[in-house]
Amino acid sequence: MDQDRQFNNQSLKKFEFPHIAPVSNPVQQTFMLRLVGLLTLSVHLLPFSQVFGYKWPGDPRHEALEKFIYEGTRPDAIDFFSALGNCRFRITPPEVQATTVAATWLRFNIGNGLKLTQIEYRDFPTKYVSNADIIAIGAAAAVATCGGPLIPLRTGRIDAESAGKHGVPEPKQDLQTHTEKFRLQGFNSTEMIELVACGHTMGGVESADFPLIVDIRPTDPSFPSVSAPFDNTTNIFDTSVVTQYLNGTTQNPLVVSNNVTARSDLRIFNSDGNVTMHKLSDPVVFQNRCAVLLGRMIDTVPAGVQLSAPIEVIPEIPHASTSFQIVNKQVTFLTSLRLAKPISDPFVSGSQISFHWCDRYGSNAGFSNRVKGSPEAFRLSGSPMLIRSGRDFRVYPFQAPIQASRSVSRFWWEIDQGNGRNSIKIDNEGEQYPVVQDEIIYAPTLSNIGIVGSFPPGPIQPPIKRWLFAVVGIRKEIRPTKVYLELLDYTFIPIHKTTLTNITQEFSRNTTLPHTPGYNLYSAYVEYFGQAPTLDFTLEVNGRKTTLPYQPVSIGHLLMDHRFIASIGRVDRVPYDRRPPKPPKPCPRPAALCSTH
C-alpha cells in the first residue's frame, strides 16, 4: 500500500462538493471562498523566478510537481492545460452566450461548469500530485491564461475524504452576513470588496444554476445554459468589472438583476461609498491587490498541513524521460536537456549541443563517450504560467546505444559556442548528472496496455477495466529474490465512484521475449481500473531493494509526445580530463548473490 496517500470511496465525495479536510475552526473554509462564481485562489504578483544551483536528482515529488506545473503534463506527456486554449469559450458558436473554460476552472463551484471541470481534471492526479493541488494549479493556469498575475504555487494539499462545513456566501444574503463570512476567513470589509472584484473579473452567472438571477435563456435546446457576464471582457483578467460598475455601464447580474435581493455585488462594492472600487480601477493596483489577497486564500489549509515553498522552474535539468531503454534488442540511454529561457533569446541549434557520458564499468578513465548534435531539438511552450512569465523551454533530445558491460555512470552536455571559444558545460554544477542505478530498467517498447472485454451498450458506461503487460530488464549477473511492480492510480470518475487502484504484482522471467545483451527480461500481467496509473518497479536481492519509481504505463513507447524520443545517435570517444567518482557495482557481495552465467 502506498503510504503517500490512502483513499477509499469516501475520498470521492470532495468532487461532489469540493473542500479540503476540515480545519480547526469549523466555520472557516479550507480552500475556497465562493460567491456565485468567486473562487479566491492564490496569485502573488511577483517577478518570475527560477531555481539556481539545483542538483539533480532531487526530491522526486518536487520534480514531478515542477514538471506538471511548468510543462503541464503528466508522466506519459498527456497535456493538462490544453482545455484552456487561449482563454477560449466553453461553447464556440458566437450566437451562444457562454463562459470560458478558465472561468469554470477558477470557480470550480457549481453546476455544469463544475462537472465539466471535474472531467478535465480527473485523469491527472498521481501519487505526487494531489487532487487538491490540481484544483489550485488549474486555477493558477486559468488566471495566467487570461492575462492575470503569475501564481507562485505552493503544494502539499491533502485530499479530503469527506466534505467540510458549508460556509459559502450566497447572493440573497445581506451585507452584514457577507461581511461576517469574510471576517471568519480572515478578511476585513475592504478586502471583501477587493476579493469579490478579483473573483468576478472573468465569467458570469449561469442561467441553469441561478434562474431567478439570470433572465435570459438559451434559444438552442442543445445548450443547457446561458452565461450572464460580469463585464464585457469575460475572457480577460482585467479591471472591466470595476470600471463598468463605476461608469454605470455594467451588466453584471449581481449589480443590475431584476431580482433586487440578489444584487450582492452592488451591496458589497458600494459598502464603503465606492472608495475601494475607485482604487481598484487602476490596473496595477487591481493586479497587485488580487495577487496578494488571492494568495492569502489559497494558502489557507487545514491545521497540520505544511505547504511547500513556491515551486519554481528549474533552468536546466535532464528531462523526466531520462532512462535506459530497450530498442530493437539494443540497450540505449534516452535523455533530453531541458532549458528554460526567455522567449526572446535566440534558439541554440541542436547541432551545437553534444551529449557526453562516462562508463560505469571498465577502465576507460581518460575518455568519455559523445553523441554530437541533436537534430530533433525543439521549443516547448510549456504551461500558461511559463508562457505568462515570458519564457519557454528549449529541448534537446538524445538517445545513445549502450553496451551493458560499460553502461553509464554520469552524463552532461556541452554547448559549442563556435569561433574558437570554450564550450559551455551543463553539468549539474560541476558534479555531472549521476545515473543512480542500471540494475532494473523499464522496457516500454516491449510493454503495452489494452481494454478487458468490450464496451456494453447504454448511455452510462461501467468503469473500464484495462490490462497491462509490463516488461523490465534485470542485469544478467544479478540473481533476483523478487521483482515486482506497484501500480498506483489516483484518477476518478464521479459517476461510478470506483475505489482508487493500488496493486502489487510480481514479475517472472520471460525467455520468449527478444534477447537483450546484458539483461534478462521479466514480464508481469495485471488488470486494473483507472485512467492514468504510474508504476514503481522494485528489484529485491536478499533484502536489498533497488527501485525504479514513477514510470508511465506504455502503449508500446515511453511517451505520447514523440518529440522527446530521439533517434539513436552515433557514438565517438573523446578525451576527458576528469575522472568522475566510481559508482558502486550493481550486484552486492558476497558473490553468491549473483548469477554465475
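Predicted model: local features only at pLDDT ≥ 70, side-chain atom pairs only at ≥ 80, totals over all residues.

Let me begin with the helices. Two packed helices are described by the angle between their axes and the distance between those axes. Helix H6, residues 189-199, packs against helix H11, residues 283-298, at an angle of about 100 degrees, and their axes lie 9 Å apart. H6 and H11 are therefore roughly perpendicular to each other, since angles of 65 to 115 degrees count as such. Which residues of H6 meet H11? On the H6 side they are Glu191, Glu194, Leu195, Ala197 and Cys198. Their counterparts in H11 are Phe286, Arg289, Cys290, Leu293, Leu294 and Arg296. By class, the contact of H6 with H11 comprises seven nonpolar residues, four charged and no polar ones.

H6 also packs with helix H5, residues 175-184, at an angle of about 95 degrees, again with 9 Å between the axes. That angle makes H5 roughly perpendicular to H6. From H5, the contact draws on Leu175, His178, Thr179 and Phe182, and from H6 on Ser189, Met192, Leu195 and Val196. Here the division is five nonpolar, three polar and no charged residues. Leu195 of H6 takes part in the contact with H5, and Leu195 is also listed in the contact with H11.

I turn now to the second largest pocket, which has a volume of about 420 Å³. Its lining consists of 29 residues, and the closest to the centre are Thr99, Thr104, Asn112, Gly113 and Glu206. Two or more lining residues come from each of helix H2 (101-107), helix H3 (111-121) and strand E1 (204-206). H3 supplies the largest share, four residues. In terms of class, the lining of this pocket has 13 nonpolar, twelve polar and four charged residues.

Finally, the sheet. Strands of a sheet pair through backbone hydrogen bonds, either parallel or antiparallel. In this model, four strands form an open sheet in the order E17-E16-E20-E21, with antiparallel pairing. Strand E17 (501-506) and strand E21 (544-552) stand at the edges with a single partner strand each, so one side of each has no neighbour in the sheet. From one strand to the next, the twist averages 15 degrees. How many bridges join E16 to E17? Six bridges join strand E16, residues 482-489, to its antiparallel partner E17. Within this pairing, tyrosine 484 stands opposite glutamate 506 in E17.

Terms used. Residues numbered from 1 in each chain as written. Heavy atoms only, no water. Pairing = 2+ DSSP bridges. Axes fitted to C-alpha atoms, helices over the stretch in contact; angles between N-to-C directions. 1 Å grid on protein atoms, 1.4 Å probe; cavity = no way out; pocket = protein on both sides within 12 Å on 5 of 7 lines; lining within 4 Å. Points joined across faces, edges and corners; volume = space filled by probe spheres on them. Nonpolar A, V, L, I, M, F, W, Y, C, P; charged D, E, K, R; others polar. Parallel < 35°, antiparallel > 145°, perpendicular 65-115°, else oblique. Contact = heavy atoms within 4.5 Å.
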